[in-house]
Structure formats: structure tokens, C-alpha cells
Amino acid sequence: MEEKMKKTKKLMTLAFASIFAFAGCQAKNGENKKSENSDTIKIGAIIPQTGPVSNYGNSSEKGALLAVDEINKNGGINGKKIEWISYDDKGEITDSTTAYNKLKGEKVTAIVGPITSKPALAVSEIAKKDGIAMITPTGTQGNITEGKDNVFRTCFTDPYQGKLLAKFAAENQKAKKVAILRNTSSDYSNGIADEFKKEVEKLKLDLVADESYGDNDNDFKAQLTKIAKAKPDVLLVPDYYEKVALIAPQARDAGIDAKFIGSDGWDGVVNVMDKSQLGLVEGSCFSNHFALDSDDQRVKDFVKKYKEENKEDPSAFSALSYDTIYLLKQAIEQAKSEESDKIIEKIKAIEFDGITGKFKFNENHNPIKSASMMEIKDGTYKFNSTVTADEN
């Protein structure tokens, strides 16, 4: 009898254990099912919200959030609202990789960013291994996307800007003699300058100077004096607006009267220069991704909504991030799925028409698109012309 009771007790214990184990499995499976069937689509972002490039980051996020708000108000993506999750990377590689790992833990559907090139390259190497769909709106360094099946960009590349700026100098500015002042500490600056130099040789322009400085330099007198003696028609300064604001006054003081041309990093220069010095960059032109004064009604609507929301004009960073969200929306809707591999395949084949242009991706996941050359006039940016290089 005692033996029988022991057997009965053991069987009941096993039965209860099985029930609890089954319940545990049901709970776990239920959680997974809830996650898969969530009523939101998580899009992660890596944005420099503080630090020296926060102006770019905040402008980017404002553009992205405008798109998120519009999409959510219009029914979301496949009936689901976008849940925007962003982390501050301060424009630094270490903070970017930390932000990426946090977003991976959040199980985001796709990642927007990083915004600047060095963090974007670092994160792209990790994202490549994980297979998460990643789009940098504004990372222009050429090798960010190369050899990475799941990594894309919405902007054109540094080498492409170099080519089109050389073409602009020759055809639009009718330059015969050109010079370069580059930041040798910056892959961005070197990428543009190197390709500009190659293209200038092809176009048979005379490169009379190729001077350089470092990230921590604030005095450019020696380099500018050499350039002044060479008397170029056009001076290329491929750097971000903070450096440009320092270089322009010193260049004029050195006696350089050449036309300044620059890359998309110039966007924002009129906001940081003293108003009394804006005349020094009058007539300067730089490549950009869209024109504030465009006649395109979609651009007008975007600019109007952005200004109403943020009490300031949008930058190219705003526009590119805005387009990036809509590009993801189109890809997710076409995929009818939130699985990365399916979304990635749709991005590869996408034909996108946004406020920064109509484009599709080439084999390196760079958009094939034209650039808007902007001219600084009376302290504002005015559309000058459209330039397209032979390849992106």
C-alpha cells in the first residue's frame, strides 16, 4: 500500500511538472507571438543629439520625425504605427556601436543612421554580421555600403561629390585653374578631394595647389598664402561648415579672390558665420541633396510643414532622413513583412521618388541620382544648377 502511494505521488508530481512546463512553453510562445504581431513597427535610429555634430543629428531627426508623424497619421505601415527609438551617439564610434547593440536588443525592424561617416562605417561592419537592414541617410564615405548586402545609403558618396564638383568647376564656373584645401584628418574631406583631383586631370584643368590641414588646426595662413600665389579661379574646400566658417575669412585676408566651392558639409555655414562676414562667402557654391527654393510641390509642402513644426528651415540632413523613412515604408509595404531579409530584397530593387530626387540603387547600394548645386546669396541658399556625374 505504501509502495502504491509512493508511485501515485510520483506520477502526480510528474503530471504537475508537465502541466507547469507546458504552461511555461505556452507563455513563452505567447510572448513571441505577441512580439511578432505587435501593433507597432520599431524603427531604430543612431543620431548625434549632443556633441560637435549635433546640428546635423538634430536636423536629421527632425526630418525623420516629420515623416514618422505623417505616416502614423495616415494609417501607418501595413496598418501598424511606427515606434521611433533613437539613441545619441555624439558622432563617436564607441557610442554608435553601443547604440546599435541597444537597438538590436529592442528587436527593431530596421536602423536609420548613423549620421556621420566614421560611426556609420563602424556600425555597418556589425550590422553586416547580424543582417539587420540599415540605411544611413547622410553617411557619404564610399566604403560604408561596399560588400554589405544589408547596408544602404540615401545620399550620394564622397567620390561622387568629387566628380560632380570638378564637372561643375569646369562647365559652370568655366575655371581653368583650380586649387584644393583639404582636411587630411577627415576621410570625408580626402574622399572628395582625391576624386576631384582625378576628375580635374581628366577634364584637363590646371591643379595649381593641393594644400592640407588637420582637424585641430585653426590657423590656415601658411596654406592659404601658397594658394593665393597660385591665383586659382576656383578653390575647393571639402569640409564641414564649422571649418569653412574659419577658413573663409582667412582666405580673403590672404588675398584669395577665387570662387569657393564645397561639398554637402557646407550646409549650415550661413547659420554659424557672423552676419558681418557672410559677404566673404557670397557666390560660393556647394553640392547638396535638395533645394529649399525648389518648384517641386512636394518639396514646398515638406519645407512648409518642417518650418511650422520646428521654426527653422530644413537642411539636406532633414530632407534625406525624411526620404529614408518613406523609403523604408515603401520597402516594408512591398515586402508585406517585417523580416529583414525580405525588406532588404525590396530595398535593393526599389524605385524611389522622394524630395531629394528619384533614384534606384546600384550594385554598391548607392543611389543613382543628381545633385543640386546651391549658391550662397544674401545670406541664404539659392538653387544654382543640377549636376550629374557619369557614375555614382
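From which domains does the lining of the largest cavity draw at least three residues each?

A: In this predicted model, the lining of the largest cavity takes at least three residues from domain 1 (40-156 + 294-361) and at least three from domain 2 (159-288 + 374-387). The space inside amounts to about 60 Å³, and the cavity is one of two of 30 Å³ or more found in the whole structure. Its lining consists of I115, T116, S117, T138, G139, T140, Y188, Y240, D264, G265 and F317. By class, six of these residues are polar, four are nonpolar and one is charged.

Three of the lining residues, Y188, Y240 and F317, also belong to an aromatic cluster, in which ring pairs link them with Y56 and Y241. The whole structure holds 15 aromatic pairs. The rings of Y56 and Y241 are edge-to-face, because their planes stand at 75°, with the centres 5.1 Å apart. This pair joins distant parts of the chain: Y56 sits in helix 2 (residues 54-73) and Y241 in helix 8 (residues 241-253), 185 residues apart. Y56 and Y241 are both buried.

Definitions and conventions:
Residues are numbered from 1 along each chain as its sequence is written. This is a predicted model: local features need pLDDT of at least 70, side-chain atom pairs count only at pLDDT 80 or more; totals for chains, interfaces and linings use all residues. Side-chain values use heavy atoms; hydrogens and water are left out. On a 1 Å grid over the protein atoms alone, a cavity is a set of points where a 1.4 Å probe fits but cannot get out, and a pocket is an open set with protein on both sides within 12 Å along at least five of seven lines; lining residues have an atom within 4 Å of a point. Grid points are joined across faces, edges and corners, and a volume is the space filled by probe spheres set on the points. Ala, Val, Leu, Ile, Met, Phe, Trp, Tyr, Cys and Pro count as nonpolar, Asp, Glu, Lys and Arg as charged, and the others, Gly among them, as polar. Domain bounds come from an automatic or database domain assignment. Rings of Phe, Tyr and Trp (its six-membered ring) pair if their centres lie within 6.5 Å; planes under 30 degrees apart count as stacked, over 60 as edge-to-face and the rest as tilted. Helices (H or I, at least four residues) and strands (E, at least two) are DSSP runs, numbered from the N terminus. Buried means under 20% relative accessible area, exposed over 50%, partly exposed in between (1.4 Å probe, protein chains only).
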